Amino acid sequence: MLDHVINEALNRLEAREGFEARPVQRQMAAFIAECLQAGQTACIEAPTGVGKSLGALIPLIAWILAMGNRVVVSTYTNVLAEQYWRKDLPLALELFGEAGRELKTQLVMGRSRYACIDRIYGREGNALEPALLRFLKEWVPLAQEGIESELAPFLRRKGVPEGLTRDLWRQIATPPACRARACPHYASCFYYRQRRAAASAQLLITNHSVVLTDALLKANGAEGLLDEYDWLLVDEAHDLPEAARSALEFELSPETLEEIIRNASSLSHQIANALEGEQRPDALLNAIAELVQILARGCHAAVAPLNMADIPSEGRIVAIAPPDLMADESVQKASRTDWLPAMQAVVESLQGELRRFYSEIKRELKHHRLQMSDRQYEAVREAVNQYASWFRNLYMGLNLLVNPVEGVSWVEATPMGWRACCQPLEVGSWLAEHLWSRQPATLMSATLTIDGSFDFFLRQVGLSEGTRTLRLPPVFDYARQCALYLPPRGALPPPPRSAHAHDAPAYYRAIAEQLAEILRATRGRALVLFTSRAEMEAVRDALPPMPQLRLMVQGDGANADLSQRFREDTESVLFGLRSFWTGFDAPGETLSCVVLVRIPFEVPVSPPQVARHALLRWRGEDPFESWTLPLAKQQVRQGVGRLIRRADDRGVICLLDARIHTRPYGKQILANLPPDIPIHSRIEDAVQVLNHAPPLDKA
Ligand code: SF4
């Protein structure tokens, strides 16, 4: 029955203009239907072009309609989640006719992605530029979700200059806690309206951060962000380990102090707002304002021991678990365990300040109870209780800095001074315990396998080797659409060990010359991917002038702006770092060449990297073979995956790392690229695949 409904929906999809029959999409939908009926978690590698969003949404919707279940669809970024919400989901629902249109669905973003109406209409709104405030008040009743991506185009249409909107979102975003039900805007509040709708929705679209924060809150016995659900679809699943590491990371820095003080002030604003409308006990407000000042002074004094001059920028390990890892030579070199007492003192002092702040607030409320009406008192109590969980999480997180659980804590220097952090060494066991044990899931991405196997990914995310998997074949004709250019053996020197190595300048010059030759042949239209900012800037500086091409370098503007300019300008070149290796989409002629300057091997420099390598050695594994190399293969696949996005795309991949010829892993890396790509050792031959205009003349 389920299969029949799915096939009918796929027939309707294929009958639409601009769509065509895709056997691999049908294969994927049938596989997901099988898993849904058997309640089995599974991983799917669906190469670009399969139509994986619809291939997954169609069986999920059919299952919800048949069984009345609840499903959460998660992807990596807000942008991708909105794409599901505005494009893929409406189309998928349409395929189920009336039943699809009636299905309750909801987009769920993190709290700070929604505008707070109280901050716009309340006392804080008065601090905004009057013209801007007028536009915001005009926007509130028109907004559907009340999120930033709705506001930005509205303000642009109103002709509001960019400068005026800078920092605006920080001033109007929903705070981490508020007086909730006691707020006069509660009924129309964007965030709480979404939460109410989400509670009754059967299909939720969200991002990994929300799913992981929800699981973390539930693991700590707190109320989650999502009500219980029956199935989880994880798209862009290759990014899940990274998302889990950041969700489980705890950080203390001067920015955290600002956040503590900002939230304490926000609590004080919320209390003031809660008291409005009736006689206000000013003595209480003054006392709370004073407590915020005391907290601010206390926090700054508490972290004074971390204002040390000798913290290196790459950081030093302060504590590690399991403690046996401290015996590892590289951990010892990267450690300053003598800083642990200072860290303990900081943690204890900060926790003391937080405890004092909260107990003093409660004491003041009690003291001024008789000066408040029952309504005022309840509203104030609600605000205080709502903030309590934010402060409690912070309090508990601080413990991790001195007592990491299966993790590492460290201190590093930053432009703002210092940063103390704690991160788990692995996220797999946490995901297994707190995510996969709750409900079955489907995890999918265009790149989940290494050397044709899912094992590395399964291990990273804590799924057993017996997990069901499906690896779909490539959809595009890579032999016809693509060419691989490898400079001949000996044409380029091997990469230097660091940007400061003696052979680095000669290497950058050689890469820049090679790159200029490539860019002339492709007339720009290239995404050049680097692994370090220092290297990217050195190559840019060594590049001969190419006045015909517009060169953009990551960091010259917001990534979204650079991406847009690159898509629109077909004679441009974009130099990018990590964020452009994955998820960047520029279909068509504008991206006709992807250059990988070097194989993206992780160099264990930062404390979490050093600790992760030490853990593998402790277990008797070779960190290069079991971590660094598979990760590099995966990243190369993702970088190369930027090139061919449509059936009519054509492009050249250039791999400039000389080690591809000289090291045994070179062949393995090439074997992980899409099959049958013709390899050339002359760029003039490789660009024949493009059928573009002739190359640029040498300047
Ligand atoms: S309920 Fe909270 S988030 Fe919503 S408008 Fe009121 S204060 Fe803002």
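Buried here means under 20% relative accessible area, exposed means over 50%, and partly exposed is in between. Keep that in mind, because Phe624, at 27%, therefore counts as partly exposed. One caution before we go on: this is a predicted model.

Let's start with the aromatics. How many aromatic pairs does a search of the whole structure find? The count is 18. I'll take two that share Tyr665.

Phe601 comes up with Tyr665 as an edge-to-face pair, because the ring centres are 5.0 Å apart and the planes stand at 80 degrees. Phe601 sits in the loop between strand S16 and helix H26, while Tyr665 is in helix H29, so the pair ties together parts that are 64 residues apart in sequence. Both Phe601 and Tyr665 are buried. For Tyr665 the relative accessible area is 8%.

Now the other partner. The rings of Phe624 and Tyr665 have centres 5.7 Å apart and planes at 50 degrees, so this pair is tilted. Phe624 belongs to helix H27, and 41 residues separate it from Tyr665 in H29. Again, Phe624 is partly exposed, whereas Tyr665 is buried.

Elsewhere, Tyr114, Tyr186, Tyr191 and Tyr192 make up one aromatic cluster. Tyr186 has a charge over its ring as well: the charged end of Arg196, 4.9 Å from the centre. Arg369 does likewise with Tyr377, lying over the ring face at 4.1 Å from the centre.

Next, helix H22. It runs over residues 504–522, 19 residues in total. From first C-alpha to last it reaches 27 Å, close to the 27 Å expected. Is H22 largely enclosed or open? It is largely enclosed by the rest of the structure, because 14 of its 19 residues are buried.

What follows H22? Arg523, with a positive phi near 55 degrees. Arg523 lies in the loop between H22 and strand S13. At 16% relative accessibility, Arg523 counts as buried.

Most residues other than glycine have a negative phi, and most peptide bonds are trans. Asp451 is not a glycine either, and its phi is positive, about 50 degrees. Asp451 lies in the loop between strand S10 and helix H20. Its relative accessible area is 49%, so Asp451 is partly exposed.

Last, a peptide bond. From Ala321 to Pro322 it is cis, with omega near 5 degrees. Look for Pro322 in the loop between strand S7 and helix H16.

Key
Residues numbered from 1 in each chain as written. Predicted model: local features only at pLDDT ≥ 70, side-chain atom pairs only at ≥ 80, totals over all residues. Heavy atoms only, no water. Helix = DSSP H or I, 4+ residues; strand = E, 2+ residues; numbered from the N terminus. Expected span 1.5 Å × (residues − 1). Buried < 20%, exposed > 50% of the residue type's maximum accessible area, 1.4 Å probe, protein only. Phe/Tyr/Trp six-rings, centres within 6.5 Å; stacked < 30°, edge-to-face > 60°. Lys NZ or Arg CZ within 6 Å of the ring centre and 35° of its normal.
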